[in-house]
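Subject: Structure for your review

Dear colleague,

I am handing over the structure below, and I would be grateful if you could look through it alongside the notes that follow.

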Amino acid sequence: MTTIAQRAEVFAVAVRPYLPIVHVAMFIGFAVLVVGPNVLPESAFAERLGHIANWLIWTLWFPLVFLSVVVTGRSWCGVLCPMGAASEWVNGFGLKLPVPGWLRWEGTPIVSFLAVTVLGQTLGVRDYAGAILEVFGVTMLAALVVGFLYGQGQRKRAWCRHACPIGLLLGVFSRLGAVDIRPKRPEPGGDAYDTRGLCPTNIDLRRKTESRHCVMCVRCVHPDRPGSLTLALRAPGTEVAEIQRHNPSLSEVWFMLLGTGVSLGGFLWLALPQYQALRSAVGEWAIDHGWLWIGMPGPSWLMVVHPEAREVFVWLDFVMIVGFMLGVMLALTAVLVGLQALAAWIAGRLGAVGDFRARFTALGYQIAPAAMISLLLGLGINLFTLLPHTAAGPVKGITLAIAVAWSAWLGMKILSGMGLKGVRAAAALLPGVIGGIAVAAAWWPAVFI
Ligand code: SF4
Ligand code: SF4
């Protein structure tokens, strides 16, 4: 009997030759929505296009792409994304230099994500067409430059593997996803980096066990070849529940912690009245000390300068937004790291296998659902405006509660993989549960907005 996975595989392989047409269409769509409102002469049409672009990007595209990883993995990357496709295309005639060490550093996409998220806030990327062009235009340019310079072999995506801020986000949470591309005859040894094969993100295909770098291009899937890879379905969360067998990475844990904190900071500075009080206090203190420049508007490539919309940020706003977001990020990360370290220590005392670092890293993944919902609430909250006003709050509250419960369930599974069960597992789980509840509590103001 043909399974759903086999049908999906046959379908994916059948449409694979047509993907370039999809990529060209998406590239045109990108140009129209991102560039169009900025280059068209001032008119009602240009303004309307800007509004449509804004709505499509922030209300539909970002939240839905983000949620889609739980169902179809990084299918956005392999099937639809114009940036990844363009980066791969220029690589075909590019210099094909080896990927340098600074780009291969696992912190590069984290820095890239944090920079884009903070800059998006200071530029007002959810409100202004010029800010959308700057953020997405610069990202596209960077994808093209990296694709042209780096990546040996045929049609590689060094940008997608090593630097894309969205790719990191989708990669981490694709581990929760229900679709997996896996070798039919897996070889031992664990995941490895392999520039020689056909995989655009340099995965050693025969030893692939993790989802995060797989962009679902299905180039390696051949239903009739026993040595190829195959599309498989699994219960959402399976890879995280068994994370010890799927190449856990400390950098992903750092990303989830820092990403949760920075998106919370990005939400809170807009929502909390205390932020305005703090801003006034800092502004008065600066002026008392002769720092008059803090009241001057900054450059429009760095912050909101839109006198026509009666919104102009001064340096005080820039310093406060950046400082507040990074401050919240560091504070929340410190709390969660402390709790996670406590959980890893308790687990070790109770007989869990692995050294402290391995336990800390594995247990760090239990925060994945809570982190995912945090990022959705922080960066994709517009999605909830599609719901009736009275339903939005309860839906957000229930979503947060489900995420915290899912995190706890994953924690139990991860501890089980370390050899802890029953009361001993519950004791080691407790700090992680407190961490999940702390994240939900921090987002509580979002539920009522
Ligand atoms: S990693 Fe980034 S650029 Fe690459 S396909 Fe995914 S979203 Fe697009
Ligand atoms: S593992 Fe296969 S489907 Fe995934 S990115 Fe590599 S070639 Fe594409």
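For the class counts that follow, Ala, Val, Leu, Ile, Met, Phe, Trp, Tyr, Cys and Pro count as nonpolar, Asp, Glu, Lys and Arg as charged, and the others, Gly among them, as polar. Please keep in mind throughout that this is a predicted model.

On that basis, the shell around ligand 2 has nine nonpolar residues, one polar residue and one charged residue. The residues around this ligand include Cys 199, Cys 214, Cys 217 and Cys 220, together with Pro 200, Thr 201 and Lys 208.

Around ligand 1, the shell divides into eight nonpolar, two polar and two charged residues. Among them are Arg 74, Trp 76, Cys 77, Cys 81, Met 83 and Gly 84, as well as Arg 157, Trp 159, Cys 160, Cys 164, Ile 166 and Gly 167. The elements that give two or more residues to this shell are helix 4 (75–80), helix 5 (82–91), helix 9 (158–162) and helix 10 (165–174).

Helix 5 is mostly covered, with nine of its 10 residues buried, and the buried ones include Met 83 and Gly 84. What covers the buried residues of helix 5 includes helix 2 (19–39), helix 4, helix 8 (129–149) and helix 9.

Phe 148 has its place in helix 8, and because its relative accessible area is 31%, Phe 148 is partly exposed.

With best wishes

Terms used
Residues numbered from 1 in each chain as written. Chains lettered and ligands numbered in written order. Predicted model: local features only at pLDDT ≥ 70, side-chain atom pairs only at ≥ 80, totals over all residues. Heavy atoms only, no water. Near = heavy atom within 4 Å. Helix = DSSP H or I, 4+ residues; strand = E, 2+ residues; numbered from the N terminus. Buried < 20%, exposed > 50% of the residue type's maximum accessible area, 1.4 Å probe, protein only. Contact = heavy atoms within 4.5 Å.
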